[in-house]
Amino acid sequence: YGKWEKSSEKQDPGKTVSSEKGKDGGDVKIGDEITYTIKYYNHKPNQANVVITDTLDSGVSFVSASNGGTESGGKVTWNLTAPAHTGGEVTLKVKVTKQAGAEVKNQASVQIGNDAEVKTNEVKNPVKIDVKYQWVGTDKPSDVNPPAGETIAKGSKYKAKKQDESSDDNYVFRGWYTNQTCDAGNSYTDETVLNDNTTLYG
């Protein structure tokens, strides 16, 4: 006896970012929520069990999963059934945390019936942080402003922007600090590696 199977009907799971945050490999920031969509297809001639597993990146926390997905120890699992020659999808929502590295990654595995697991494509999103500049106190020049903030890659060595000192109010700029009291022991050192949103005070 021979068995035929349509060549177009095969297990070919895929993963995409369906949220605006991180879509098409876009940048994400600490606190952003990313929604992943995982697609599966039962290529068998009969109903089959579908098991999907997704181990979370260490730089994200679990928020929610559709279709009864459950999280335990950083691993999300779905146990589903799919009719013959039928596909479907599930979604997973996570939040980017301070523990994220330069990028967050995600890849799932899909098992149809007793077949071997098949991995989806891997999704990667660069993680960015914000650097802002702020003056403290009320005694400050009125004719110049702090530098504009900027967004940089998480984990970058950062050199602080130069303060415009062209004030006609006879002020002298003493440098940038990492706290609002601008204590001498908290002056900012150029080329410091920044891993979180940062405000430099002057």
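Residues are numbered from 1 along each chain as its sequence is written, and side-chain values rest on heavy atoms, with hydrogens and water left out.

The pLDDT, the predictor's confidence in each residue on a scale from 0 to 100, averages 89 over the protein, and 91% of the residues score at least 70. Confidence is lowest in strand β1 (residues 14-17), with a mean of 68, and highest in β6, at 98; strands (E, at least two residues) are DSSP runs numbered from the N terminus. Over residues 2-9 the pLDDT falls below 50, and this stretch has five contacts in the model beyond near neighbours in sequence, a contact being heavy atoms within 4.5 Å. Where pLDDT is low, the predicted coordinates should not be read in detail.

An open sheet is formed by five strands in the order β6-β7-β4-β10-β11, with antiparallel pairing; strands are taken to pair if DSSP finds at least two bridges between them. The edge strands, β6 and β11 (118-119), each pair on one side only. Strand β7 (residues 75-82) is joined to β4 (residues 48-55) by eight bridges in the antiparallel sense, with Thr-77 of β7 as the bridge partner of Thr-53. Strand β6 (residues 70-72) runs antiparallel to β7 and is joined to it by three bridges, and Glu-71 has Val-76 of β7 as its bridge partner. Two residues lie between the strands in the hairpin of β6 and β7, where Gly-73 takes a positive phi near 60°.

In a regular strand the side chains alternate between the two faces of the sheet.

Thr-97 lies in the loop between β8 (86-96) and β9 (103-106). With a relative accessible area of 16%, Thr-97 is buried, and, not counting residues up to four places away in sequence, Thr-97 touches Ile-30, Ser-58, Gly-59, Val-60 and Ser-61.

A search of the whole structure finds two aromatic pairs, for which the ring centres of Phe, Tyr or Trp (its six-membered ring) must lie within 6.5 Å. One aromatic cluster is formed by Tyr-133, Phe-173 and Trp-176.

Notes
This is a predicted model: local features need pLDDT of at least 70, side-chain atom pairs count only at pLDDT 80 or more; totals for chains, interfaces and linings use all residues. Buried means under 20% relative accessible area, exposed over 50%, partly exposed in between (1.4 Å probe, protein chains only). Helices (H or I, at least four residues) and strands (E, at least two) are DSSP runs, numbered from the N terminus. Rings of Phe, Tyr and Trp (its six-membered ring) pair if their centres lie within 6.5 Å; planes under 30 degrees apart count as stacked, over 60 as edge-to-face and the rest as tilted.
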